[in-house]
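Please view the sequence and the structure before reading on.

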Amino acid sequence: MSIQKDGKLNQIGTVTADHVAAEAGVSRWTVNRAFRQEASISAKSRKKVMEAAEKLGYVPDLLASSLRSERSNLVAVLVDDFANPHKLVMMERLTRILRKHGWDTLLVNMLGEADTSAALLSASQRRVDAAILIGIQFNEEVLATALGAQRVRKLIIFARDSENPNTISICCDDVGAMTAIADYVLNKGYRKPLFLAGPQTESAHLKRKDTFLELWRQNRGDLPASISVPFYDPLLAYERTADYLASHDRSDYPDVVVCENDALAMGAIDAIRFRFGLRVPQDIAVTGFDDVPQAASPNYRLTTYRQPISAMAEALVEVLKGNNDPAHLCGFLGEMIVRESA
């Protein structure tokens, strides 16, 4: 494609940076810098380049640019556990903030624990700057294999704490968060809690169950009952809660169900109400964790703990830029959101 004197284009090839440079009256070097997020270029020059690029329909070759530099400005986000509504909240917030700072995302749906290694390999073949794991179906062996094979430059575990020293964890302070929930439950006068936990993974895990049980033991002298489900699925939580209540006399029912996240809490509320005809919170109260959009609906009005996802996502961007100390990324604190469920 060439540019005529009247500004029109001849269809003889692909629009290049040279065409944009000629249209904008700048150098090719200036055009290249205009499309780099952190390049030093005046706002006026960038505006001229972008206007010319839009007029000519120019799109920079991102692959060629990444080959010329150490950064592709592309990250892979590997996700599983889509039954958990908080995954969608995290992905929306994370991808929006990454995009704001110049990173695009490659979404990889992990099909199961056995697929994690293949998913990481697929991501690495696209020269991503980092792989971000948001899920539960990966273990220490998978992480070690991926890191040992140098399949990704940075392996970031988002919203969970990983014990692998070669990964970077960005997560909420579960101990601080569960301390806030335990204090709330204790101050409200509940006496017989049941803790409903999710999958107890080995490598990247949450500390919510252990923290709550220990805090309760320290304050009340006894250890609360606990149950768990293999996935953060409201339907599984419904069935597990129903099974527990069905196996106990009414006099032995908990007065509050403390749930590891909102997906489990919503399933527990449905079981309490619709399987047993009980009231929430008058008969059994329920607390959650995450504050997903459904938590505020009239169906649940869930008392929960809101994670600071935006702050965590901004910290992840700083990690990608190389500006953050990975040792201090699991201390984020959110806030209690008090509604009618407890």
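## Asp104 and its surroundings

Apart from neighbours within four places in sequence, Asp104 is in contact with Asn73, Leu74, Val75 and Arg99, where contact means heavy atoms within 4.5 Å. This is a predicted model, in which local features need pLDDT of at least 70 and side-chain atom pairs count only at pLDDT 80 or more, while totals for chains, interfaces and linings use all residues. Residues are numbered from 1 along each chain as its sequence is written, and side-chain values use heavy atoms, with hydrogens and water left out.

Asp104 lies in strand β4. Helices (H or I, at least four residues) and strands (E, at least two) are DSSP runs, numbered from the N terminus. Asp104 counts as partly exposed because its relative accessibility is 27%; buried means under 20% relative accessible area, exposed over 50%, and partly exposed in between (1.4 Å probe, protein chains only). The C-alpha atoms of Asp104 and Val75 are separated by 6.4 Å, although the two residues are 29 apart along the chain.

## Overall figures

The protein has 12 helices and 15 strands. Of its 342 residues, 50% count as buried. The protein exposes about 16200 Å², and carbon and sulfur atoms supply 49% of that area; accessible areas come from the Shrake-Rupley method with a 1.4 Å probe, and for residues only the protein chains shown count as cover. Among contacts with a separation of 6 or more, 72% are between residues 24 or more positions apart.

## The five-stranded sheet

Strand β4 belongs to an open sheet of 5 strands in the order β4-β3-β5-β6-β8, with parallel pairing. Two strands pair if DSSP finds at least two bridges between them. The edge strands are β4 (104-109) and β8, each of which pairs on one side only. From one strand to the next, the twist averages 25°. Axes are lines fitted to C-alpha atoms, for helices over the stretch in contact, and angles run from 0 to 180 degrees between N-to-C directions.

Strands β5 and β6 run parallel and are joined by 3 bridges. Leu133 stands opposite Ile157 in β6.

## The four-stranded sheet

An open sheet of 4 strands has the order β11-β9-β12-β13, also with parallel pairing. Its edge strands, β11 (225-228) and β13 (285-287), each pair on one side only. On average, neighbouring strands here are turned by 20° against each other, direction ignored. Strand β9 (residues 193-197) runs parallel to β12 (residues 256-259), and 4 bridges join them. The bridge partner of Leu194 in β12 is Val257.

| Helix | Strands touched | Angle between directions |
|---|---|---|
| α8 (residues 174-187) | β9, β12 and β13 | about 175° with β12 |
| α9 (residues 208-220) | β9, β11 and β12 | about 165° with β9 |
| α5 | β3, β4, β5 and β6 | about 155° with β5 |
| α12 | β3, β5, β6 and β8 | about 175° with β6 |

## Nonpolar cores

A nonpolar core is a set of buried Ala, Val, Leu, Ile, Met, Phe, Trp, Tyr and Cys residues joined through side-chain atoms within 4.5 Å. The largest has 27 residues, and those with the most contacts inside it are Leu98, Ile132, Ile156, Phe158, Ile170 and Leu316. At least two residues of this core come from each of β3 (74-79), α5 (85-100), β5 (130-134), β6 (155-158), β8 (168-170) and α12 (309-321). With 8 residues, α12 gives the most.

Leaving aside neighbours within four places in sequence, Leu316 is in contact with Leu94, Leu98, Ile132, Ile156, Phe158 and Ile170. A second, separate core has 26 residues, including Leu245, Ile269, Ile272 and Val280.

## Aromatic pairs

A pair of aromatic rings is described by the distance of the centres and the angle of the planes. A search of the whole structure finds 4 aromatic pairs. Rings of Phe, Tyr and Trp (its six-membered ring) pair if their centres lie within 6.5 Å; planes under 30 degrees apart count as stacked, over 60 as edge-to-face and the rest as tilted.

Phe195 and Phe212 form a tilted pair, with 5.7 Å centre to centre and 35° between the planes. This pair links distant parts of the chain, as Phe195 is in strand β9 and Phe212 is in helix α9, 17 residues apart. Phe195 counts as buried because its relative accessibility is 0%, and Phe212 is buried with a relative accessible area of 0%. Ring pairs link Phe195, Phe212 and Trp216 into a cluster.
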